[in-house]
Amino acid sequence: MKFLYYSIFLFLISSSVIAQEINLDAALSDVKREVEKNNYDKALLLLEPLQTKFPENEDIKIYKGRIYSWKKEYASAIKILSPMADRTNPNPDALLAIINVYFWSEQFETCIAYCDKYLAIDSNSSDVLLIKIKSLEKLNRDKEALELVEKLPITDNSTQAITGLRTLIGQKAKNAIAASYLNISTSDPGQSPLHYGYIEYSHKFSKSALVGRANIGYANNDTQMMFEADYYQTFKKRDYLYVNAGFSTGETIFPVAKVGAEYYFKPGKRFDYALGARFMHFETDDVTLLTGQIAYKTGSYALAYRPYYDTSNELLSHVLSIQHTNDDKESLIRLELQYGNVPYLYLYNNATEPLKAYRVGLQYQHRFGNSFFVRPVFLYEYEEYLPNEYRNRFNVQVIVTKRF
């Protein structure tokens with residue numbers, strides 16, 4: 001008889017425990033549904049009776065802390081999670097939750113300390129390693145961040161997040177050097193090729209950048225040089241000003257002196273505009289170019305139109321381009337369609353005549369490693385070199401840049 005009594009008693013207790021677990025799971029499902037709807041306050045209200053009924057259940061406490069972190073009430077989240085994360089034998093889920101809290105609240109030093117505490121338990125956690133790497137980058141401890149990236153498994157080392165992080169660190173480089181060579185050839189009829197090249201050095205400041213460039217040109221058995229400088233100044237709302245000035249050692253290949261300025265402004269997320277002018281002084285003539293741009297961006301693509309108006313010769317040129325950019329890899333591919341008299345790279349001189357020219361160009365940029373770039377450029381022209389007489393013109397250029 002006693003056996004039957006105890007059996008019934010144990011059965012009732014087991015049923016009660018199972019019922020509690022079922023009620024807990026069902027209640028937590030209701031809470032999660034409210035969280036998915038961003039109804040955080042309602043979710044917290046639903047958690048209160050559960051926490052009262054199961055005061056020692058750490059999963060409920062951790063979930064409550066997470067909800068406060070999603071509400072961006074970080075102090076409340078830390079107050080709930082700290083006792084479970086700071087004890088001698090920490091709860092791993094509480095550690096994960098508090099790591100996110102400190103990262104989202106931009107308390108990166110503390111975030112790194114908790115990452116180290118979690119990695120002592122699970123040294124191969126890719127999620128925690130990534131948060132630590134991002135925190136190091138935010139603190140400008142870039143060398144440590146990159147060293148930690150190398151410790152990631154190969155499968156995680158090449159993810160989009162890591163690729164983007166490498167790019168972000170690389171873009172912090174203040175200096176860059178670049179070299180370029182351009183060959184211009186013609187056919188039907190042909191003439192001796194023209195050769196151009198430059199070497200430049202650029203340095204970034206907090207809100208500006210300065211570029212110095214030495215150009216060399218060889219044409220018609222003559223060699224001339226031009227020295228110029230570019231200056232960029234950024235303003236609020238991503239607007240910036242570009243200024244250029246230069247002088248040369250000759251009078252034919254390059255202008256004797258040149259100056260230009262252009263202001264770029266971005267009133268919205270998709271459209272941006274620019275207005276500018278360029279002035280070139282030759283020994284016997286002056287040339288003024290008015291220009292501007294309107295560009296539309298959608299995702300990784302940008303469509304842009306830029307006109308050039310030569311006020312002296314009353315010539316209007318047009319450039320239409322479409323460009324695809326991969327920001328994480330810092331690569332791009334660009335197609336250009338041009339019509340008018342403004343030559344490729346604006347190697348303008350005072351011998352310009354009101355003749356037609358049709359152009360199609362393609363350029364591509366590829367990054368090797370973290371800071372080495374190669375950009376090949378090809379532009380084909382069908383140009384009117386005499387009235388109603390046309391020939392082929394080929395512009396081939398390669399630009400190599402090292403960032404440091």
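Predicted model: local features only at pLDDT ≥ 70, side-chain atom pairs only at ≥ 80, totals over all residues.
## About the model

Residues are numbered from 1 along each chain as its sequence is written. Local features need pLDDT of at least 70, side-chain atom pairs count only at pLDDT 80 or more, totals for chains, interfaces and linings use all residues, and side-chain values use heavy atoms, without hydrogens or water.

## Meet helix 5

Helix 5 has 13 residues and reaches 19 Å from its first C-alpha to its last, close to the 18 Å expected at 1.5 Å a residue (1.5 Å times one less than the number of residues). Helices here are DSSP runs of H or I with at least four residues, and strands are E runs of at least two, numbered from the N terminus.

Among the buried residues of helix 5 are Ala94, Leu95 and Tyr102; buried means under 20% relative accessible area, exposed over 50%, and partly exposed in between (1.4 Å probe, protein chains only). The buried residues of helix 5 pack against helix 3 (58-70), helix 4 (74-86), helix 6 (108-119) and helix 7, where contact means heavy atoms within 4.5 Å.

## A loop residue: glutamine 171

Now let's visit a loop. Glutamine 171 is found between helix 10 (160-170) and strand 1 (175-187). With a relative accessible area of 36%, glutamine 171 is partly exposed.

Which residues does glutamine 171 contact, leaving aside its neighbours within four places in sequence? They are Lys204, Glu330 and Arg403. The C-alpha atoms of glutamine 171 and phenylalanine 404 are separated by 9.2 Å, though these residues are 233 apart along the chain.
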